[in-house]
Amino acid sequence: MENSIQRKYSASQTFLDITADKKWDLLVYNDYEAVMPVPFIYKNGIKIVHNPLMCQQLGVFSVKDNPKINEKFLSFLQKNYLIRVYYFNENNSFETKLNSKKNFILYSDDYSNVFAKYSPKRKRKLRLNDEVIENSDIKEVSYQEAKDFIEQHVIGLDKEHDSIELLKSLEAFYSLKHLKFLAFYYHQQITNMIATYSDYDTIALLGNFNNRKYIKIAGASVLIDYLIKENIANYNFDFEGGNLPSIEEFFRGFRPELRPYAVIENSKETLIKKYASFILRGKILG
C-alpha cells in the first residue's frame, strides 16, 4: 500500500488499526500484486464490512490501477462478505457501474495561485472587519482543550457511541503526533476548531467544529485558509468529503478539484437477505 499508485493515508496500518480497532482483513492478489483492506464490525456475532468513522477511502492498492483486477476484488468482496458500507478510493476504476461519493482536494502549489482561484464569496468571508481582527487569534491547542470544545459542538453523528469513538481515535492520532488541533479565538474564547491529520504528502481535514453562535465571523474559513497558506507549497490538502449540500458549498469555495470515489452501501434489509442466502449456502462468516 505504501508504494501503490493509489496510496492513501486512510489505508495505512496506523490509521486502520486505530479507526477499525484492529478489526480488518487484507485481501491479496497473487504475490502482493494488489491488496485490499477490509474493515469490519461484529453485530450480534455477525461479521459485517463497515468503513469506520473518519476512514473515508480504502479500496484496491497496486503499482498500476487495473480495472480487471479491481473487478476480481469487487466480486470476491460481494460474494464472501456482508457489506453495510465500503468505500473504494478515487484512483480505482471499475467495469461495473458503482455509486459514488464526492471528495475535494487541493493539490500542492504556490499559495498565491491557490488563493487566486478562491470564489469571490470565500474571499469576502476572509476579509475580517477591524473589530474581529483586533480581538481574534489562531492557536494550536492540546487534545484536552480540543476535547472540551468538540464535546459541546460536534454535530452530524447519529449516536453517543459515535462521539466516543471519534474522540478515542482523535486522541490516539494526537498521541502519535499525526494530528493537530487549530483553534480560532474571538475575545479569548474558542469559536471554531479544525482537526487535521498529516501523513506523507497530504494534510487531511478530519474534523471541523464550530460554535454556531459565531458563524458570521467565518472562523472556519479563516482556519482552513491559514492551514492552506502554511502548507500548500509542500502538501496536498484533502477536504475529506462533501456530499451534504451545505458542506459541499463551503468546500467548493476554496476551488479544490472534485475527486469522486466508488462506494458500496446496503440497507439493513438487504443485509438480512444476504445473510439468509449465506446460511442456505452453508457459508460460515467469521
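Two strands pair if DSSP finds at least two bridges between them. In this predicted model, strand β10 (residues 189-199) pairs in the antiparallel sense with β9 over 8 bridges and with β11, also antiparallel, over 8 bridges.

**Strand β10 and its neighbours**
- Burial is the rule along β10, where 9 of the 11 residues are buried.
- On one side, β10 pairs with β9, which spans residues 179-186; within this pairing, Ile 190 of β10 is the bridge partner of Tyr 185.
- The hairpin of β9 and β10 has 2 residues between the strands, and His 187 there takes a positive phi near 50°.
- The pairing with β11 involves residues 202-210 of that strand, and Ile 203 of β11 is the bridge partner of Ser 198.
- In the hairpin of β10 and β11, 2 residues again lie between the strands, with Tyr 200 at a positive phi near 60°.

**Asn 192**
- Asn 192 lies in strand β10.
- Its relative accessibility is 2%, so Asn 192 counts as buried, the cut-off being under 20%.
- The side chain of Asn 192 makes a polar contact of 2.7 Å with the side chain of Thr 191.
- A polar contact of 2.7 Å also joins the side chains of Asn 192 and Asn 210.
- Leaving aside residues up to four places away in sequence, Asn 192 touches Phe 149, Leu 182, Ala 183, Phe 184, Phe 209, Asn 210, Gly 219, Ala 220 and Leu 223.

**Val 49**
- Strand β3 (residues 46-50) contains Val 49.
- Val 49 is buried because its relative accessible area is 1%, against a limit of under 20%.
- Residues up to four places away in sequence aside, the contacts of Val 49 are Val 38, Pro 39, Phe 40, Tyr 81, Leu 82, Ile 83, Arg 84, Val 85 and Tyr 86.
- From Val 49 to Ser 4 the C-alpha to C-alpha separation is 23 Å, with the two residues 45 apart in sequence.

- Tyr 32 sits in the loop between β1 (24-29) and β2 (34-43).
- The relative accessibility of Tyr 32 is 57%, so this residue counts as exposed, for which the cut-off is over 50%.
- Together with Leu 26 and Val 28, Tyr 32 forms a nonpolar patch on the surface, and the accessible area of the three residues together is about 280 Å².

Methods: Residues numbered from 1 in each chain as written. Predicted model: local features only at pLDDT ≥ 70, side-chain atom pairs only at ≥ 80, totals over all residues. Heavy atoms only, no water. Buried < 20%, exposed > 50% of the residue type's maximum accessible area, 1.4 Å probe, protein only. Helix = DSSP H or I, 4+ residues; strand = E, 2+ residues; numbered from the N terminus. Contact = heavy atoms within 4.5 Å. Patch = residues over 30% accessible without salt bridge, like charges linked within 9 Å, V, L, I, M, F, W, Y side chains within 5 Å. Areas by Shrake-Rupley, 256 points an atom, 1.4 Å probe, with all protein chains shown as cover. Salt bridge = Lys/Arg side-chain N within 4 Å of Asp/Glu carboxyl O. Polar contact = N/O pair within 3.5 Å; in protein donor to acceptor, adjacent residues only side chain to side chain.
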